[in-house]
Amino acid sequence: MTPEHVSAHGMERVIDARGLTRRFGHFTAVDGITFDVAAGEVFGFLGANGAGKTTAIRMLTGLLAPSSGHATVVGLDVATQSEAVKRRIGYMSQRFSLYEDLTIRENIRLYGGIYGLSSAEVRRRTDRIVARLELESAADEAVRALPLGWRQKLAFAVALLHEPPLVFLDEPTSGVDPITRRQFWEMIYEAARGGTSVLVTTHYMDEAEYCDRVSIMVAGRIAALGSPVELEREHGVKTIDELFVRLARPDGARAAAS
Amino acid sequence: MASAPRSAEAAVEVRDLTRRYGPSIALDGITLSVRAGELFGVIGPDGAGKTTLFRVLATLIVPDGGTARVLGRDVVGDLWDLRRRVGYMAGRFSLYPDLSVAENLCFFAAVFGTTPEREYERIAPIYDQLAAFRDRRAGALSGGMKQKLALCCALVHRPEILLLDEPTTGVDAVSRREFWDLLARLKAGGLTILVSTPYMDEADRCDRIALLQRGRLLGLDTPAAISGAFAGPLLAVRARDRYAALLALRDYAHARTVYPFGATLHYTDDRPDMPADRVAAEVTAFLKTRGLGPVSAEPIAASIEDEFMARMGAPEYASA
Amino acid sequence: MSALTGLLRKEAYHILRDRRTLAVIVLLPVVQVVLFGFAIRTDVRDVRIIVVDPLPDATTLSLRARLAASGVFRVVTVLPGADELDGIFQRGEATEAIVFEPRFGERLAQGLPARIQLITDGTDPNSASVRQNYAMALIGAWDRERSPARGAVRIEPRTRLRFNPTAESSNLFVPGLMAFVLTIISSLMTAISLTREKESGTMEALLVSPLRPWQIIGGKVAPYLAIGLVSMTAIVVEARLVFHVPLRGSYLLLLAEGLLFILVSLALGMLISARTSSQRVAMLGALVGTMLPTLLLSGFIFPIESMPRLLRWVSYIVPARWFVTIARGIMLKGIGIVYLWEPTLILIGMAAVLLTLAVRSFDVRLE
């Protein structure tokens, strides 16, 4: 454990990004962002569509190489150790999570195998997940038969299957009903309390308030970074929603959106 | 802008509408009506049946049971008549990504026998926000811009009613606000608008709303009436360690539901006739005994979301 | 602007902006013709020729010298007899042989006709005829230059065949190729275009409009009709200029029949896409349902006459089969509608039935 990975609070940083930049030709999608995420922290990664969130996350998950700048994720360099990064983190995408025509058990077994868990371990964790989500009756049905909310919760559990220290969630509650959304967030809290760091993106501004800290990206840069309470006080607003609007459309003018 | 025909008949009239997809029921006997000139919201999460409902109204699919009439015409029998009069925005982006903004608009105008120039006044407030991108390919626009373009294309032929299926889904919070501002302007011009959305906060911007969940109507009224129907006291609890407070509160003997709600926790009690202040005091005291530091609990008015959740009848998180 | 014009313009944008489609449409006929055509060598250069001269004399030597000096033929060997010829041809050591009659010069001097056998290896029929013609022309010229008072040379051309399934000139391939290319453009691309609209969700927007099925289909299909006609013309022009394939009949008639065939293929493409909203399925359907039959059962590569009876019957319902017959008739035999009315009528019937079915099968709703 080198000192660089220890934040000011003395906790190990699971993400440490310094001046992270990504260019596509003439277009700078991510413009030198600097932030860190501590162990067990729930970090909200916010921004409008096209602000650079997806690109930033792709760099942090080892899917895209940075053009310049530097970031370590779970102590590994994203530029030079991207494969190792992928093995150690968890990831849940909005677009795709589980194979619909496989059953719950089969999905868990598949991912367990991918992450190198022994079959005994897979069985044990499968039982644990099924019990936690109260899905005993549906454990051998195709995932397709589950309603969306349950699928998302299951996908989250599977993302945590190999007990990663950090998990990335991309709009995990999109379209889900309000009760299941909150149950999902309770799962996030549980995971965080257990020491797993969570970096989550969302369009639901009330969910931003659930996070320990948030960052708001505008045009490739981080325009705000801190705990929701701090930011609200600093900018004199009542909610993150208000802050978001203010930052994304400065002076109420219709800035070119793209 | 020209106003929609003000007839005594409702703009949309749905009765016992049913529609299945294989074994699952998408719409389970829905009955509702929309008045001319109304901004009507269909609120519900994924799987509620919003898209199915809108597709039936847009004459794209046929219901299994019940009837639906739009602008006084039957959706099954009068489909060609309706297709001329309805402005429809599908649930996912259904414009041509390889055509530019201007080309898309020209095309959809031509299909209805008009041109964007002729209808410029009508679409101006929206098109002005797009004008800078008129030659950009639609596929290269951001989510918010795409939806504005789709709205333009739906409006360009002077429809008598707008059916917008989840126009703000997946769009960032700012673009969403702008979109609803545009809708308010359109409504002010007299256009009847039906919108579906999963975002509960957008419900407040509608004249009336229908709450939809798993194919069933949970409620149909003005936003104020729905949130006002909330039964019993509702507290917003603040604590420094929210998760710990959540778990602790669930242990409280009289807790009916405890849910995170942004910066606070929403607490409902299983004693609906208790005055809210007393409940607040009790809860505060309880939390203090659990050593949760500075906490506050204050009675608040329910939002649409609170009421929606109450009506959902989902497994309630009470330990008692 | 009318709805149909708008549709056509939109379709034009799609085609022009989708590089892959554009590449296929533009390059395909060109590549096909070039590939197929140059697989058949038409160079007449360095033709290896055997001379069989049992009794060389001044006359035969004079002709032999002429052959050698022509720059086209290269005399590989001179033999006294023709027994080894078969072996030489089989081994590919020569592709042409000239066999003098015994006492060739004597007979000519006596004013009698003297025979030369001209044996051509017909393995490569296209160049075979060219080679043969060239040799005949050369001999003819030589003959005329001798004193006309003498006897005439009679040339007996013989083509020796080794492997040639149709035993006919490969001029025949161009009509089949035309059918194949038109099938790709009219069936495959149309099916893909229609299902792409469904897959991307834009069909939903098109449906909730006053557009009628015939307009939506017409707007999508018309550009491919135009492209098909242009392709057909390009193939004919290329075949004529580069490979000297004849067009003995009426070009307008060929174009008209081509248009008919395109309509049939378009209808098939539409029918295939009506059944599915997946581009991949449509592509497979078009491949199996139109391109394979055209390739295998239209007479393009394999002659129908030599097929087993069952396949021959199946070929009757393959539209390309009729078009290939028609096109061959027009291009190679120079016959007109008088003789081609039967296959034309069949195509007209197919077009009428399939187009009606296609428009009917178009769903005005989403299911």
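1. In chain B, 69% of the contacts (heavy atoms within 4.5 Å) with a separation of 6 or more are between residues 24 or more positions apart. Chain B has 320 residues, of which 59% count as buried, buried meaning under 20% relative accessible area, exposed over 50% and partly exposed in between, with a 1.4 Å probe and protein chains only. Its secondary structure comprises ten helices and 14 strands, taken as DSSP runs numbered from the N terminus, helices being H or I of at least four residues and strands E of at least two. Along the principal axes, the C-alpha atoms of chain B fill a box of roughly 70 × 45 × 35 Å.

2. On the basis of the values: this is a predicted model, in which local features need pLDDT of at least 70 and side-chain atom pairs count only at pLDDT 80 or more, while totals for chains, interfaces and linings use all residues. Residues are numbered from 1 along each chain as its sequence is written, chains are lettered from A and ligands numbered from 1 in the order in which they are written, and side-chain values use heavy atoms, with hydrogens and water left out.

3. Between chain B and chain A, 41 residues of chain B are in contact with 32 residues of chain A. The buried area, which is the accessible area (1.4 Å probe) that two parts lose on being put together, summed over both, is about 3,100 Å² here, and carbon and sulfur atoms give 57% of that area. On the chain B side, the residues that lose the most area to chain A are Val174(B), Tyr243(B) and Pro260(B), together 19% of what that side buries.

4. As to which elements of chain B touch chain A, helix H5 (143–155), helix H6 (173–188), helix H8 (242–251), strand S12 (255–261) and helix H10 (304–312) each supply at least two residues, and the largest share, seven residues, comes from H6(B). By class this side has 22 nonpolar, seven polar and twelve charged residues, where Ala, Val, Leu, Ile, Met, Phe, Trp, Tyr, Cys and Pro count as nonpolar, Asp, Glu, Lys and Arg as charged, and the others, Gly among them, as polar.

5. Helix H10(B) deserves a separate look, since seven of its nine residues are buried, so that H10(B) is largely enclosed by the rest of the structure. The buried residues are Ile304(B), Glu305(B), Asp306(B), Glu307(B), Phe308(B), Met309(B) and Met312(B). Just after H10(B), Gly313(B) takes a positive phi of about 65°.

6. Between chain B and chain C, 31 residues of chain B are in contact with 30 residues of chain C, and the area buried is about 2,700 Å², of which carbon and sulfur atoms give 60%. Leu60(B), Trp80(B) and Tyr96(B) supply 23% of the area that chain B buries against chain C, more than any other three residues.

7. Two salt bridges are found across the interface of chain B and chain C; Arg17(C) forms a salt bridge with Glu103(B), with the closest N and O atoms 2.7 Å apart. Helix H2 (79–85), strand S6 (86–89) and helix H3 (101–111) of chain B each supply at least two residues of the side that touches chain C, the largest share, six residues, coming from H3(B). The residues of this side divide into 21 nonpolar, three polar and seven charged.

8. In chain C, Leu211(C) lies in the loop between helix H8 (202–207) and helix H9 (213–243), and at 2% relative accessibility Leu211(C) counts as buried. Leaving aside its neighbours within four places in sequence, Leu211(C) is in contact with Trp80(B), Val111(B), Ala3(C), Leu7(C), Leu206(C) and Ile216(C).

How values were computed: Salt bridge = Lys/Arg side-chain N within 4 Å of Asp/Glu carboxyl O.
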